There are 2 protein chains.
Amino acid sequence: MPRPSLKAERRAQILTAFGRCLARYGFEGASLERVAEEAGLARALIRHNIGNRDQLIDAFVTEFLERSRADTAALVAGLPKTGRVKRLIEDLFDPDYIDAEGAAIGSALLAAVDLHPGLSAAMLAWNGEFMAALAQILSSESTADAQALREVAAGLAALYANVEAMAAIDRQGTLRADSQRAALRLVATLPGLEALGRP
Amino acid sequence: MPRPSLKAERRAQILTAFGRCLARYGFEGASLERVAEEAGLARALIRHNIGNRDQLIDAFVTEFLERSRADTAALVAGLPKTGRVKRLIEDLFDPDYIDAEGAAIGSALLAAVDLHPGLSAAMLAWNGEFMAALAQILSSESTADAQALREVAAGLAALYANVEAMAAIDRQGTLRADSQRAALRLVATLPGLEALGRP
DNA sequence: AGGTTTATTGTCAAGTCCGATAATTTTGGA
DNA sequence: TCCAAAATTATCGGACTTGACAATAAACCT
């Protein structure tokens, strides 16, 4: 009998806009005014659909974590049966795959870890899950022990993060190319993957 | 005959405070009010000694570049005559050397590249100079070509940047330790440095 | 048509931020 | 003691930000 609820659409709309503002203006720069403008809605609708700023942040962070999990799951699912590591690196450093906005959101949240309760734990999980996925993939083609896998996974994650963070500056893409080859060098130090070092 | 000028001290005071705010609150969060409070000065004194916000940012950025250059110069100068690369990695990943605030400033500026004219060029130079210094050090103990040196330098820079960015989260220091060993793996792929891979 | 639930708009109050300018005070030297 | 230059303080106006609540409009159902 009532007017149909638009909460779901509005909510998605607002969270998307918040992500964009986060990427562009950073944590403190992502004001409700800007979010509302970006979403094409009146500011009061943020309050109506989600709540105050803290609640918006909480909602965004949980959604961000879910989406990140889905993204890495998709990345893993997209790998072939053989040559997984080779393909993983191609995907990670594929200029088309690189998501500058997602990276900007990640580093904005990371930098704001001390400004919002719970953010620290969320980002810790975020990073841990990604690294675990990388280590898992590496383990499928190498007999290295867990320690070695963690080391190389840390290297891959760092190279990937750095490329995305610098994407706005790396106009020529040389950093991207160099990082990709560095990634190959690194994985080639693992037993079973030596061949990737000499392409 | 006039009253003695305090511009130099005040200026340094203000730039230091701005750096702290930048690290804590990000680019948009580093308001003049906060900077003034952090510096223990009235806001009007920022205007008196440096100027408006844009001028403050410009002043900070040039000072930041100078200090970064001095820091890397000191890093290079502190290396021994032999075993330079080994020592470089020990220094880069030394928990005591790690400067969380400096890293936070760097990523805050990097994230704000589109928000302030000239910032993009400054951060490009910042990154380029650091990578060049790394490549230079590597070249002193390896016969690898410039391309290979760039690749490994990119890897080292990425690992270092990632460790500093995650420092706030990496309570146990496991990421730091893993990253350090990944760095050793990486440099050991260069001719002349193979020994560093097996410590 | 009328009623009910929801969306949407409008508006207010308190606090923050920035630029600007006018007092006022302090300090060293004549 | 008194002057000049600089530091410091005091204030203002306009814009932005957030929280809160009231009022209006829209959609669905009976």
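Q: Which runs count as helices and strands here, and from where are they numbered?
A: Helices are H or I runs of at least four residues, while strands are E runs of at least two. Both are DSSP runs, and the numbering starts from the N terminus.

Q: From what number are residues counted along each chain?
A: You're looking at a predicted model, where local features need pLDDT of at least 70, side-chain atom pairs count only at pLDDT 80 or more, and totals for chains, interfaces and linings use all residues; side-chain values use heavy atoms, with hydrogens and water left out. Chains are lettered from A and ligands numbered from 1 in the order in which they are written, and residues follow each chain as its sequence is written, starting from 1.

Q: Where does A168(B) sit, and is A168(B) buried, exposed or partly exposed?
A: Look in the loop between α8 and α9 (174-187) of chain B for A168(B). Buried means under 20% relative accessible area and exposed over 50%, with partly exposed in between (1.4 Å probe, protein chains only). A168(B) has a relative accessible area of 39%, so A168(B) is partly exposed.

Q: How many helices does chain A have?
A: Read along the sequence, chain A goes α-α-α-α-α-α-α-α-α. There are zero strands, and the helices number nine.

Q: What share of the residues in chain A is buried?
A: The C-alpha trace of chain A spans about 65 × 40 × 30 Å along its principal axes. Of the 199 residues in chain A, the buried share is 48%.

Q: What area is buried between domain 1 of chain A and domain 2 of chain A?
A: Chain A is divided into domain 1 (1-51) and domain 2 (59-197), with bounds from an automatic or database domain assignment. Their contact (heavy atoms within 4.5 Å) takes 11 residues from domain 1 of chain A and 12 residues from domain 2 of chain A. Buried area is the accessible area (1.4 Å probe) that two parts lose on being put together, summed over both. Carbon and sulfur atoms give 81% of the buried area here, which comes to about 900 Å².

Q: Which residues in domain 1 of chain A lose the most area to domain 2 of chain A?
A: Three residues together make up 53% of what that side buries. They are L15(A), L22(A) and F27(A).

Q: By what turn can chain A be laid on chain B?
A: Copies are superposed by least squares on the C-alpha atoms of residues with pLDDT of at least 70 in both. The RMSD is 0.0 Å and the shift along the axis is 0.0 Å. That is the relation of a two-fold axis, and the turn is 180°.

Q: Which residues of chain A lose the most area to chain B?
A: The contact takes 37 residues from chain A and 37 residues from chain B. It buries about 3,300 Å², with carbon and sulfur atoms giving 60%. Together accounting for 21% of what the chain A side buries, the residues are E151(A), I169(A) and R185(A).

Q: Is the pair of F60(B) and F64(B) stacked or tilted?
A: A search of the whole structure finds eight aromatic pairs over all chains. Rings of Phe, Tyr and Trp (its six-membered ring) pair if their centres lie within 6.5 Å; planes under 30 degrees apart count as stacked, over 60 as edge-to-face and the rest as tilted. F60(B) and F64(B) have ring centres 6.1 Å apart and planes at 15°, so the pair is stacked.

Q: How far apart in sequence are the parts tied together by F130(B) and Y160(B)?
A: Their ring centres are 5.8 Å apart and their planes stand at 40°, so the pair is tilted. F130(B) is buried at a relative accessible area of 16%, and Y160(B) is buried at 14%. F130(B) lies in helix α7 (residues 119-139) of chain B and Y160(B) in helix α8 (residues 146-166) of chain B, so the separation in sequence is 30 residues.

Q: Over the face of which residue does R34(A) lie?
A: A charge sits over a ring if NZ of Lys or CZ of Arg is within 6 Å of the ring centre and within 35 degrees of the ring normal. At 3.8 Å from the ring centre, R34(A) lies over the face of Y25(A).

Q: Which residues does Q180(A) touch, leaving out residues up to four places away in sequence?
A: Q180(A) is found in helix α9 (residues 174-187) of chain A. Q180(A) is buried, with a relative accessible area of 18%. The residues touched are I89(A), E90(A) and F93(A).
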